[in-house]
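I opened the notebook to record what I looked up in this structure. The entries cover a ligand and a pocket.

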Amino acid sequence: MSTEFNAFAMAQQQFDAVADKLQLEGGIRELLRWPQREYHFTIPVHMDDGSVEVFKGFRVQHNDARGPGKGGIRFHPQETIDTVRALATWMTWKCAVVDIPLGGGKGGVICDPHDLSPREQEALCRGWVRQVARNIGPVQDVPAPDVMTNPQHMVWIMDEYEKIMGGHFPGAITGKPVELGGSLGRTEATGYGVVYTVREALKRMGMEMEGMRASFQGFGNVAQYAAKLLIEMGGMVVSVSCWDNDDQKAYTFRKLDGIDIDFLLSITNRFGTINKAKASAEGYEQLEADAWIEQDVEILIPAALENQVTGKNVNKIANSVKILAEGANGPTTPEADAVLKDRGIYVIPDFLANAGGVTCSYFEQVQCNANFFWPRDEVLERLDQKMTLAFHAVADLAEETDEYMRDAAYMIAIQRVATACRLRGWA
Ligand code: NAD
């Protein structure tokens with residue numbers, strides 16, 4: 001199977017390379033290469049037109065040695081079990097690298113929410129949790145939002161879960177609205193977390209955010225907040241790209257003197273699609289999908305989907321690029337990664353760069369358990385501390401051992417999970 005287009009093969013390939021370096025022995029190595037558990041199921045939904053449509057759903061639990069599984073639920077028409085496996089694996093490393101007591105899980109439904117009414121989406125969410133309610137929960141595996149799922153979806157899932165289990169379990173799911181046990185700061189946490197790591201990387205390179213130019217792939221939750229904070233810190237965003245559902249293709253929107261984030265947000269729908277006509281009326285150039293990667297900028301932030309920086313487009317990256325911070329999960333293929341390494345581009349790997357979301361989800365669980373909620377500033381301050389600490393631990397190891405940042409992050413994460421497995425006597 002080609003690793004170019006299979007996210008799980010890619011996740012295993014990344015793991016294998018580091019397992020070799022760490023000289024992980026047979027049992028523990030095999031254990032960590034595979035998910036511990038997988039649930040595959042069908043979800044029948046009564047559609048608004050009276051028909052019944054059957055959707056395919058998944059939940060994968062990669063490893064829970066360090067604590068309950070944690071990871072989002074993604075709604076996507078091209079969802080595959082291998083994508084969910086890869087994402088669950090990356091969640092294990094992500095929780096370990098930021099040192100929170102959680103494992104890795106991920107869920108998905110093959111569907112396109114664009115085609116579903118709110119009532120149909122509610123039925124899908126409730127149907128999803130009915131199939132896995134006994135296998136998830138605050139002490140087993142805690143879902144959260146991901147691509148094309150949002151706090152409302154999480155409430156429907158929590159409500160159905162509570163009906164089935166007979167009680168209140170706000171810690172069963174995170175990414176809830178603030179009015180129902182969500183944490184302040186969660187919406188912006190992933191994007192802000194990406195920028196905290198970029199800020200620290202710049203410091204290590206003897207540079208500042210002031211005057212830095214950035215280009216993003218994607219303009220959804222992660223990219224929007226990352227762009228906002230990057231601009232607040234003195235940087236400039238020259239381009240962002242997004243998927244256009246009407247045209248079934250992606251576009252890059254560019255403004256060489258810097259995007260106006262509030263304006264762009266005002267013309268972006270809830271799926272992260274920018275209105276082309278309104279953008280062009282304000283002087284935004286509309287370029288091809290891949291144009292985001294070839295911009296003359298210092299910072300590249302892929303924040304859309306996996307497998308986006310590939311052998312085909314990696315050489316389009318301009319010489320001006322110093323940092324590539326992976327907001328998305330698995331955006332860079334191993335082939336492209338080798339080129340980035342060769343060119344000396346400072347890569348902040350996905351499971352470190354975008355760990356702000358899960359860190360804040362962990363804070364949400366802590367707050368729900370204590371039934372005491374922190375102000376937004378406190379959440380973001382703790383988030384900044386966790387991300388900064390995790391970033392420098394990885395950067396220090398990378399420097400000391402002359403390892404690539406991704407490998408150093410893997411080394412820290414895999415060692416932590418392997419230690420937990422060994423202490424439990426699993427391998
Ligand atoms: P989102 O659904 O809010 O936004 C996705 C964005 O990507 C949209 O703007 C969409 O138009 C764009 N997009 C989709 N396909 C594209 C393509 N082919 N080319 C260009 N743009 C495209 O999703 P999100 O929550 O921002 O997540 C983005 C990535 O970050 C995913 O890989 C997700 O797994 C990862 N991530 C998200 C979080 C989180 O807290 N939201 C946390 C960790 C990692």
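Before sorting any residues, I wrote down the classes: Ala, Val, Leu, Ile, Met, Phe, Trp, Tyr, Cys and Pro count as nonpolar, Asp, Glu, Lys and Arg count as charged, and the others, Gly among them, count as polar. I also noted that the model is predicted.

**Entry: the second largest pocket**

I looked up the volume of the second largest pocket and found about 270 Å³. Its lining is made of 14 residues, and those closest to the centre are Tyr346, Ala398, Glu403, Tyr404 and Met405. I then sorted the lining of this pocket by class and got eight nonpolar residues, one polar and five charged.

Which elements supply at least two residues each to this lining? I found strand E12 (346-348) and helix H13 (376-401). Helix H13 gives the most, with three residues.

**Entry: the residues around the ligand**

Next I turned to the ligand. I found 26 residues surrounding it, and the closest are Arg74, Thr190, Trp243, Gly272 and Asn329. By class, this shell holds 12 nonpolar, 10 polar and four charged residues.

**Entry: contacts of the ligand**

I looked up distances from oxygen atoms of the ligand. An N or O atom in the side chain of Thr190 is 2.6 Å from a ligand oxygen. For Asn329, a polar side-chain atom lies 2.8 Å from an oxygen atom of the ligand. With Asn221 the atom belongs to the backbone: an N or O atom there lies 2.9 Å from a ligand oxygen.

How much of the ligand's accessible area does the protein cover? On its own the ligand has 830 Å² of accessible area, and the protein covers 89% of that.

I then listed the elements that give two or more residues to the shell, which are helix H6 (186-204), helix H7 (221-232) and strand E7 (236-244). Strand E7 gives the largest share, three residues.

Technical notes
Residues are numbered from 1 along each chain as its sequence is written. This is a predicted model: local features need pLDDT of at least 70, side-chain atom pairs count only at pLDDT 80 or more; totals for chains, interfaces and linings use all residues. Side-chain values use heavy atoms; hydrogens and water are left out. A residue is near a molecule or strand if one of its heavy atoms lies within 4 Å of it. A polar contact is a pair of N or O atoms within 3.5 Å; within protein, one must be able to donate a hydrogen and the other to accept it, and residues adjacent in sequence count only if both atoms are side-chain atoms. Accessible areas come from the Shrake-Rupley method with a 1.4 Å probe; for residues, only the protein chains shown count as cover. Helices (H or I, at least four residues) and strands (E, at least two) are DSSP runs, numbered from the N terminus. On a 1 Å grid over the protein atoms alone, a cavity is a set of points where a 1.4 Å probe fits but cannot get out, and a pocket is an open set with protein on both sides within 12 Å along at least five of seven lines; lining residues have an atom within 4 Å of a point. Grid points are joined across faces, edges and corners, and a volume is the space filled by probe spheres set on the points.
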